[in-house]
Amino acid sequence: METVKNLNKWANAHTYYPLDLLRIALGVFLFLKGTKFIANSQYLIDLIEPFQGWMGSMMMIHYVAPAHMVGGILIAFGLLTRWSAAAQLPILIGAVAINFVGEMHTANLILSLVALVLCLFFLFYGSGKHSADYYFKMQQ
């Protein structure tokens, strides 16, 4: 718990507007990906086709879209950012793995890697000073 407090203090002391814009852009991107998966569920089923024989593939289908939508909104507003970024990690690791197990899509691989790196960054950095987390913390 002390490590999280130290990370929050460091992040609040070193906060910048471009990082907040990057966090918001990541959240919007994840939300839009989630809505795309809900609107076109066949696209998601085709994406995870290499994992069809594995146990839990149906659970993956029902986890990916809602996790992207809810996590994207939370990340964009800076509310529970670390938890939301942690919830995205299994999905994004799977998105990178799909490109190596199945058919390689370079654009999808690059988008997955960028989103994965950003989620890892915000997992450690947190939401920053210009976020709902900081606002609610200051209300106490």
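Modeller: Helices here are DSSP runs of H or I with at least four residues, numbered from the N terminus. The model is predicted.

Colleague: Fine. Where is isoleucine 24 found?

Modeller: Isoleucine 24 is in helix H2.

Colleague: Is isoleucine 24 buried, exposed or partly exposed?

Modeller: Partly exposed, because its relative accessibility is 33% and that class lies between 20% and 50%.

Colleague: Which nonpolar surface patch has Ile24 in it?

Modeller: One of about 350 Å², made by Leu21, Ile24, Val28 and Leu32.

Colleague: And which residues of H2 are buried?

Modeller: Leu19, Asp20, Arg23, Leu26, Gly27, Leu30, Lys33, Gly34 and Phe37.

Colleague: How far does H2 reach from its first C-alpha to its last?

Modeller: H2 reaches 33 Å with 23 residues, close to the 33 Å expected at 1.5 Å a residue.

Colleague: Switching to the core. Which residues touch the most other members of the largest nonpolar core?

Modeller: Leu26, Leu30, Leu92, Leu116 and Cys119, out of 15 residues in that core. Helices H2 (17-39), H5 (81-101) and H6 (106-125) each give two or more residues to this core.

Colleague: Which gives the most?

Modeller: H6, with seven residues.

Colleague: What is leucine 30 in contact with, leaving aside neighbours within four places in sequence?

Modeller: His68, Met69, Gly72, Ile75, Gln88 and Cys119.

Colleague: What does the second, separate core include?

Modeller: That core has ten residues, among them Phe37, Phe51, Ala67 and Ile91. Phe37 is also one of the buried residues in H2.

How values were computed: Residues are numbered from 1 along each chain as its sequence is written. This is a predicted model: local features need pLDDT of at least 70, side-chain atom pairs count only at pLDDT 80 or more; totals for chains, interfaces and linings use all residues. Side-chain values use heavy atoms; hydrogens and water are left out. A nonpolar core is a set of buried Ala, Val, Leu, Ile, Met, Phe, Trp, Tyr and Cys residues joined through side-chain atoms within 4.5 Å. Buried means under 20% relative accessible area, exposed over 50%, partly exposed in between (1.4 Å probe, protein chains only). Contact means heavy atoms within 4.5 Å. The expected span of a helix is 1.5 Å times one less than its number of residues. Patches are made of residues with over 30% relative accessible area and no salt bridge: like charges are joined within 9 Å, nonpolar side chains (Val, Leu, Ile, Met, Phe, Trp, Tyr) within 5 Å. Accessible areas come from the Shrake-Rupley method with a 1.4 Å probe; for residues, only the protein chains shown count as cover. A salt bridge is a side-chain nitrogen of Lys or Arg within 4 Å of a carboxyl oxygen of Asp or Glu.
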